[in-house]
Amino acid sequence: MSTSIKSIIVGTGSFVPVNIISNNDFLEHRFYEKNGEPILRENSEVIQKFQDITEIEERRYANKEHMASDLGYFAALNAIESSAIDPETLDYIIVAHNFGDIATGSTRVDVLPTLGSRIKHKLGIKNPDCVAYDLPFGCPGWLQGMIQADYYIRSGDAKRVLIIGTETLSRVTDPHDRDSMIYADGSGATILEGRITENEGILAHKTQTHTSAEAYYLYSGGSSNPDLITDDQFIKMDGRKIYEYALKNVPLVIQQTLDKSGTDVRDVKKVLVHQANGKMDEAILKRLFKLNGITDTPMNVMPMTIANFGNSSVATVPTLLDLILKNKLNEHQINKGDTVVFTSVGAGMNINSMVYRF
């Protein structure tokens, strides 16, 4: 491998809200099918089936006074502290999200000014050459921000880039839709820096967007409850189609990224996958190894946080990375020289993958 400028992770941060919402908190909800028909099964049965499929037992919701830009600011501060850099030396701040800032009790999206500008302001950065902007790209948004930052760094346009994934999905969930139990709030951040090196950093990445039949697998829509008269729009999805789409396409994108980097899947120490659905993520990993003629999936290669944190969209992967690097996920470690795969799938429908060597 030739020596060249590589994008190196020099700092990570995360913010996990303290408010724990357990599955039992949904026992009194009235759930409806997408066609408006009430679900007649007992809520305890609905919730148990949901947990069996997704592996989610609880999730985190933001404090009422906090919005997505606040969570992003907290994670950014954490990353800056861990990197010990001067924030005035940042060339870009890229903020991935889907719904902007949403106040408690509202579903109204607020993105003026952008979350990037809001977070730069909160950080007190004066440097006008630090360009802050937003990246709406579904759940793969944070990883796509990493990919854009890599292009900036390798082109020589940037030396340091802060990439944030932040979301308050709890504010756009329909209380009458059982899928609402999937979603959570949180934020994660990373700082990439350009360094001349041979054996570490971002090795390769790959992104795809599928829109022929897949564009509206995730969408905004009204409540499943036909008696709820409101103009509010909630996050909606076709779970079965997303599951089938992800299983078919995500392993192929990961494999293309491995091939592009010249990496054998057997040399991958960790696969950090978007925490979308526990069973789906396990099936994706199994199919990836099957592509390489391996029927027995290695143990302990795919860390999971979804059981306790739920699906916080763009925040899941950077939060997972931060917890591992700071030894807060006891059974998992990443050591110098380890090759790690990042991958995500989500609204758009978008898929991306990255191979990184620590």
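Which strand gives the most to the lining of the largest cavity? Strand 7 does, with 3 residues. The model is predicted, with pLDDT of at least 70 needed for local features and 80 or more for side-chain atom pairs, while totals for chains, interfaces and linings use all residues. Residues are numbered from 1 along each chain as its sequence is written, and side-chain values use heavy atoms, leaving out hydrogens and water.

View 1. Strand 7 (185–197) and helix 8 (316–325) each supply at least two lining residues; helices (H or I, at least four residues) and strands (E, at least two) are DSSP runs.

**View 2. Lining of the second largest cavity.** This cavity has a volume of about 30 Å³. Helix 8 gives the most to its lining, with 3 residues, and helix 4 (141–155) supplies at least two. Trp-142, His-274 and Ser-344 are among the lining residues.

**View 3. Surroundings of Ser-224.** Ser-224 lies in the loop between strand 9 (218–221) and strand 10 (234–237). Ser-224 is buried, at 6% relative accessible area (buried means under 20%, with a 1.4 Å probe and protein chains only). The side chains of Ser-224 and Lys-236 are joined by a polar contact of 2.8 Å (a pair of N or O atoms within 3.5 Å, one able to donate a hydrogen and the other to accept it; residues adjacent in sequence count only if both atoms are side-chain atoms).

Note on methods: Buried means under 20% relative accessible area, exposed over 50%, partly exposed in between (1.4 Å probe, protein chains only). Contact means heavy atoms within 4.5 Å. On a 1 Å grid over the protein atoms alone, a cavity is a set of points where a 1.4 Å probe fits but cannot get out, and a pocket is an open set with protein on both sides within 12 Å along at least five of seven lines; lining residues have an atom within 4 Å of a point. Grid points are joined across faces, edges and corners, and a volume is the space filled by probe spheres set on the points. Lists of a residue's contacts leave out its neighbours within four places in sequence.
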